Amino acid sequence: MTSSLMPTYARQPISFVRGEGSYLYTADGTAYLDALTGIAVCGLGHCHPAITTAITEQASTLVHTSNLFEIDWQEKAAQKLCQAAKMQQVFFANSGAEANECALKLARRYAHNHGKTRPKVIVMDNAFHGRTLLTVSATANPKARTGFYTLDDDFIRVPFGDADAVAALSGDDDICAVLVEPIQGEGGLHTPSDDYLEKLAKICDDNNWLLMLDEVQTGNGRTGKYFAYQYSNITPDVLTTAKSLGNGFPIGACMVSGKAVGLFTAGSHGSTYGGTPLGSRIICAVYDALDEQIMDNAKTQGDAIRAAMLDKFAHQGVSVRGRGMMIGLAMPATVDLSQAVDIARDEHHLIINVTGGNVIRLLPALNLSPDDTQALIDKMTAVIQQLLN
């Protein structure tokens, strides 16, 4: 039968009807250990009881009124999120791409206020920031960009992790901001040196640029901190997040601090669905559930997975990347990963994906149990052994 869906996804030949914790289930009841969690979305696992309760209670009370009115749950969500991020104000959107679009609009408004007529934003090689026309222009992935007449004149691209390459652009009067992921997700789990963000922050301060962090994937406990930038001693001017912000419910956020506060006024930006009573209550429920114990668990179990993979396969050229439950297993360039996802799924009932060409990406639930951590290690060991042989 011909599908009525646009063919925008290379779908796998499987469908899941139920999820619970770290597992997905097919119609016949077969369980699959989900080490991808909806691409870093269900950070607290599938159908977390507190999130389910918040959804059902709010859905039966009030779903939507619009941003023409005050929304009590939105105010509460903003307060909680700004507290977690150490930021001052937030705009709620519906996705990571929308949050990043908001950030880029903030950069343009900032440039306008400083008399810059041809503003440019510094972005990175291998970056991924979304699929709207402006965010896909900031993105480096050729598959996402081809055929869309991207707005490349608005961006300057430099190598990720190379602060000197950013510093070399100091004095360019057109530059207004730097947009960077603390750890690159779609680009291959590239993880910079510990002082990278601090160097970027100083460069931005020296040039009066905005430092804008894309934490769509790294935020909300994924790396073992509420936000990945909190491994450093900086505070960004703009911070975006989405994915696990709603644990499966689509919502995004763009936060501001310091010199980015006050750039938007009434009418500058908006969203029909951003920050609905339902979405905002879910953010509050995720915040309340995502405690230090869970974030510590994400770091502990993530470190255990990386250590096990190194112990088993470092001698065969496998290296590890990432932090917490953001795990990259970089395979030797000679290894064919074209069947890796199928082998993991069909032969080991394990859900993974491949990104950045040669990196197996694991994004397990932050509250993964020790038993499930060992199960993931055992399954992943078997997959890699097949790939290397």
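The legends below describe close-up views of a predicted model.

**View 1. The whole protein chain.** The protein chain has 12 helices and 15 strands. Its radius of gyration is 21 Å, close to the 21 Å that the globule rule gives for 389 residues, so the chain is as compact as a globular protein of that length. Along the principal axes, the C-alpha atoms fill a box of roughly 60 × 55 × 50 Å. Of the 389 residues, 53% are buried.

View 2. Helix α4 covers residues 96–113. Its 18 residues should span 26 Å at 1.5 Å a residue, and this agrees with the end C-alpha atoms, which are 26 Å apart. After the helix comes Gly115, which has a positive phi, near 75°. The buried residues of α4 include Ala99, Asn100, Ala103, Leu104, Ala107 and Ala111. An α-helix has 3.6 residues a turn, so residues three or four places apart point the same way.

View 3. Side chains of opposite charge can pair when their charged atoms come close. Arg108 and Asp154 form a salt bridge, with 2.6 Å between the closest N and O atoms. This pair links distant parts of the chain, 46 residues apart: Arg108 belongs to helix α4, and Asp154 to the loop between α6 (142–145) and β6 (155–158). Arg108 counts as partly exposed because its relative accessibility is 37%.

View 4. The closest N and O atoms of Glu186 and Arg361 are 3.0 Å apart, and the two residues form a salt bridge. Glu186 sits in the loop between β7 (175–180) and α8 (196–207), while Arg361 is in strand β15 (residues 359–362), 175 residues apart. Glu186 is partly exposed, with a relative accessible area of 27%. Arg361, at 1%, is buried.

View 5. Arg345 and Asp346 meet through their side chains in a salt bridge of 2.9 Å, N to O. Arg345 is buried, with a relative accessible area of 3%, whereas Asp346 is partly exposed at 49%. Elsewhere, a network of salt bridges links Asp205, Asp237 and Lys259. The count of salt bridges comes to 15.

**View 6. A nonpolar surface patch.** Leu133, Phe148 and Leu151 make a nonpolar surface patch of about 270 Å². Leu133 is part of helix α5 (residues 133–138). With 45% relative accessibility, Leu133 counts as partly exposed.

Technical notes:
Residues are numbered from 1 along each chain as its sequence is written. This is a predicted model: local features need pLDDT of at least 70, side-chain atom pairs count only at pLDDT 80 or more; totals for chains, interfaces and linings use all residues. Side-chain values use heavy atoms; hydrogens and water are left out. Patches are made of residues with over 30% relative accessible area and no salt bridge: like charges are joined within 9 Å, nonpolar side chains (Val, Leu, Ile, Met, Phe, Trp, Tyr) within 5 Å. Accessible areas come from the Shrake-Rupley method with a 1.4 Å probe; for residues, only the protein chains shown count as cover. A salt bridge is a side-chain nitrogen of Lys or Arg within 4 Å of a carboxyl oxygen of Asp or Glu. Helices (H or I, at least four residues) and strands (E, at least two) are DSSP runs, numbered from the N terminus. Buried means under 20% relative accessible area, exposed over 50%, partly exposed in between (1.4 Å probe, protein chains only). The expected span of a helix is 1.5 Å times one less than its number of residues. The radius of gyration is taken over C-alpha atoms; the globule rule is 2.2 Å times the number of residues to the power 0.38.
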